[in-house]
Amino acid sequence: MSDKETPKSIEELLKLLALGQELTPSQQKEMKDYKFWKTQPVPKLDETIDSEGPIDATKTPADIPDTPLPLISDFEWSTLDIEDDAQLDELYKLLYDNYVEDTDATFRFKYSHEFFKWALKPPGWKKEWHVGVRVKATGKLVAFIAAIPITIKLNKSEKVITSVEINFLCIHKKLRNKRLAPVLIKEITRRVNKHDIWQALYTGGIILPTPMAQCRYQHRPINWSKLYDVGFSHLPQGKTKANMVANYALPNVTQIPGLRAMKKDDVTKVLALLNKYQERFDIVQEFTEAEFSHWMGLNGDEPSNVIKAYVVEKDGEITDYFSYYLLPFTVLENSQHDELGIAYLYYYATNTEDSYKTRLTSLLNDALITAKSFNVDVFNCLTSQDNSYFLKDCKFGSGDGFLNYYLFNYKTFPMHGGIDPESKVVSEDQTSGIGVVLL
């Protein structure tokens, strides 16, 4: 994509925001072409996995250097203090200007301080895991990478792994030829290793050695006319605008009896429901109650503006639950709209066994209805979890973007990503292996 091109559809936009796309066969690299990754403890491309476990299990924190890796002379390491509003503003500006490749695009992530604190300050967070690079002469922040603590469980082997999630890897556009990304990855690895943690979960739009699963982005327009106004949705041949608006229309009132916003007092019951439900998947995140309360936005005195969670209560029992988070886009150079409301499906669970598909569809329809009240224009998810059971009936459409899941320094058996490995078409009504949701 050239600097002058802008996305023609919401699918193209979300593909860009995945920081890459699936490579065509002619673009696929061989292992020898990955100068950095071939030196790292990751599975080799096309490697046959015959057992699960760590790749390098020989090191201890004492083997890890106490000092940061060297940088080229014009730059210096900087640990960001995300409790300082001024430094959060610096992080916002770096991501706003550089997290998407095309410099003339008409959209930008609209991060808030509240979003950063939700994403980067779960229980157990560590300040030294918010790693920045600054220009020595000016102090300008030009690169960033973050890690947060996460506990992973592989259900088939019942292995529990103390790990981190890596996110927000961003480098200033003008420094992309300085090979800062490998240095950032090595430095965050060093800082995590010093805490005796040796595995990391991360995702990417491009193929690296070696994905344990690949999922496909799915999008459900809620405010189709607005998406059309800003150029992110097109009018299909033979359809009118009125046809499209009617097709995606939703009721104003939720349909499931007993649906209400989740409360702090629900945490124990909802977490038990989620833990039982997630036995369906190959890889999941294990939460403490404190962690789950944080991720559901229930630790503050006021309702979260970032994460929304709902439960279905019947006769004092929590039977169902769903959640989604909000990360809008700023729209530039448009006389009608200056913001797009975007929701991303997070965790959900149900104890329903009979009519399972019908129940999931009802839950997600109500999620879409509640999202309207938060000015959401498009609702996104992946082909992870059991999303394939409701995608068609809830009128989601497959985008062009793919997300690959990786586990650093650990081999796992390949997992199903909810799509056919060859055609990339959604595998309808099939449980995926991916139960963990990364931001």
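Select the cysteines to begin. This is a predicted model, and it holds 0 disulfides.

Next, select Leu382. This residue lies in strand E16, which covers residues 378-382. Is Leu382 buried or exposed? Leu382 has 13% relative accessibility, so it counts as buried. Show its surroundings, and leave aside the neighbours within four places in sequence: the contacts are Cys215, Arg216, Tyr217, Gln218, Asn387, Leu403 and Tyr405. If you also pick Phe281, 101 residues away along the chain, you will find its C-alpha atom 15 Å from that of Leu382.

Now zoom out for the whole chain. It has 9 helices and 18 strands. Its radius of gyration is 22 Å, close to the 22 Å that the globule rule gives for 439 residues, so the chain is as compact as a globular protein of that length. Along the principal axes, the C-alpha atoms fill a box of roughly 60 × 50 × 50 Å. Of the 439 residues, 54% count as buried. Among contacts between residues at least 6 apart in sequence, 76% join residues at least 24 apart.

To colour by annotation, select residues 229-437. UniProt, in an unreviewed entry, places the feature "domain: Glycylpeptide N-tetradecanoyltransferase C-terminal" there.

The next stop is a sheet. Select strands E3, E13 and E14: they form an open sheet of 3 strands in the order E3-E13-E14, with antiparallel pairing. Strand E3 (107-109) and strand E14 (339-340) stand at the edges with a single partner strand each, so one side of each is left without a neighbour in the sheet. Strand E13 (residues 329-331) is joined to E14 by 2 bridges. Which residue of E14 stands opposite Phe329? Look for Leu340.

Move on to the loop between helix H1 (10-17) and strand E1 (53-54), and select Gln40 there. Gln40 counts as buried because its relative accessibility is 15%, under the 20% cut-off. Its side chain makes a polar contact of 2.9 Å with that of Thr39. Not counting residues up to four places away in sequence, Gln40 touches Lys186 and Phe408.

Stay in the loop between H1 and E1 and select Asp46. In contrast to buried Gln40, Asp46 counts as exposed, at 77% relative accessibility. Check its backbone as well: phi is near 65°, a positive value in a residue other than glycine.

Lys424 also has a positive phi, near 70°. You will find Lys424 in the segment after strand E18 (410-411), where it counts as buried at 16% relative accessibility.

For the last stop, select Pro209 and Thr210. The peptide bond from Pro209 to Thr210 is cis, with omega near -20°. Thr210 sits in the loop between strand E7 (199-204) and strand E8 (213-221).

Technical notes
Residues are numbered from 1 along each chain as its sequence is written. This is a predicted model: local features need pLDDT of at least 70, side-chain atom pairs count only at pLDDT 80 or more; totals for chains, interfaces and linings use all residues. Side-chain values use heavy atoms; hydrogens and water are left out. UniProt positions are given in the numbering used here, feature names are shortened, and annotations may be inferred rather than shown by experiment. A disulfide is a pair of cysteine sulfur atoms within 2.5 Å. Helices (H or I, at least four residues) and strands (E, at least two) are DSSP runs, numbered from the N terminus. Buried means under 20% relative accessible area, exposed over 50%, partly exposed in between (1.4 Å probe, protein chains only). A polar contact is a pair of N or O atoms within 3.5 Å; within protein, one must be able to donate a hydrogen and the other to accept it, and residues adjacent in sequence count only if both atoms are side-chain atoms. Contact means heavy atoms within 4.5 Å. Two strands pair if DSSP finds at least two bridges between them. The radius of gyration is taken over C-alpha atoms; the globule rule is 2.2 Å times the number of residues to the power 0.38.
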